[in-house]
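Reader: I am new to this structure. Please take one part and go through it closely.
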Amino acid sequence: VGEGVNSGYAMRKEMNRMRGGRWSAESGSVYRVLKRLNQDGLVREARKVGVPNRERTEYDLTALGEATLATWLTFPPDRSELAFLVDPIRTRSFFLGRLKPADQIRTVKAWLQESKLFIQELERDIQATANGEATLRQMSYQNLLLLAQARHEWLRRVLATLKAQGHAEESESTAAGKA
């Protein structure tokens, strides 16, 4: 609220456009949060905009909302926040052993391809927001890019490990067959 994203509709649109978020952009979620923030005195209904019967409510931060935001921004994060490194690919990889070795390799190769495409999209997003100087929002996208690149490198290592294990298993089964 306050940065040109003052209505529930605009917030949903912005959240859907952003990458790497930890939020729900479902309309019910956004409007429930706005209602709660309004009840808590952190935002206030500022104006109605649009045509009759299709008006949107825009919100402004209250003084309490500004102070709460400043406190949240300046208060150091605790370790649980820093440790919140959710990566569904890492979670999936935990269960790769349930697949046959050839399927494991094929799966990780597919993940690598998607990872590469995602990195290219992030790079395009960063270029699209570039205006000659680094902004905090651009730096946030850079953080996502660095995380995506690190995951991509990790996936390469996973693939190399799987390939090495696959060759070792093939050698063992060939040797067992000859014995």
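How many salt bridges does a search of the whole structure find?

Author: The search finds 7 salt bridges. A salt bridge here is a side-chain nitrogen of Lys or Arg within 4 Å of a carboxyl oxygen of Asp or Glu. First, some ground rules. This is a predicted model, in which local features need pLDDT of at least 70 and side-chain atom pairs count only at pLDDT 80 or more, while totals for chains, interfaces and linings use all residues. Residues are numbered from 1 along each chain as its sequence is written, and side-chain values use heavy atoms, with hydrogens and water left out.

Now the setting. The protein has 7 helices and 2 strands. Their order from the N terminus is α-α-β-β-α-α-α-α-α. Both kinds of element are DSSP runs, numbered from the N terminus: helices are H or I with at least four residues, strands are E with at least two. The protein has 179 residues, and 23% of them count as buried. Buried means under 20% relative accessible area, exposed means over 50%, and partly exposed lies in between (1.4 Å probe, protein chains only).

Glu-58 and Arg-47 meet through their side chains in a salt bridge, 2.9 Å from N to O. Glu-58 sits in strand S2 (residues 56-61) and Arg-47 in strand S1 (residues 43-49), 11 residues apart. Glu-58 is buried, at 17% relative accessibility. Arg-47 is partly exposed, at 34%. A network of salt bridges links Arg-44, Arg-47, Glu-58 and Asp-60.

Next comes helix H7. The side chains of Arg-151 and Asp-87 form a salt bridge, at 3.2 Å from N to O. Arg-151 lies in helix H7 (residues 136-178), and Asp-87 lies in the loop between helix H4 (79-82) and helix H5 (88-94), so the bridge ties together parts that are 64 residues apart in sequence. Asp-87 is buried, at 14% relative accessibility. Arg-151 is partly exposed, with a relative accessible area of 22%.

Glu-153 pairs with Arg-157, and their closest N and O atoms are 3.8 Å apart. Both residues lie in helix H7, 4 residues apart, about one turn of the helix. Glu-153 is partly exposed, at 34% relative accessible area. Arg-157 is exposed, at 58%.
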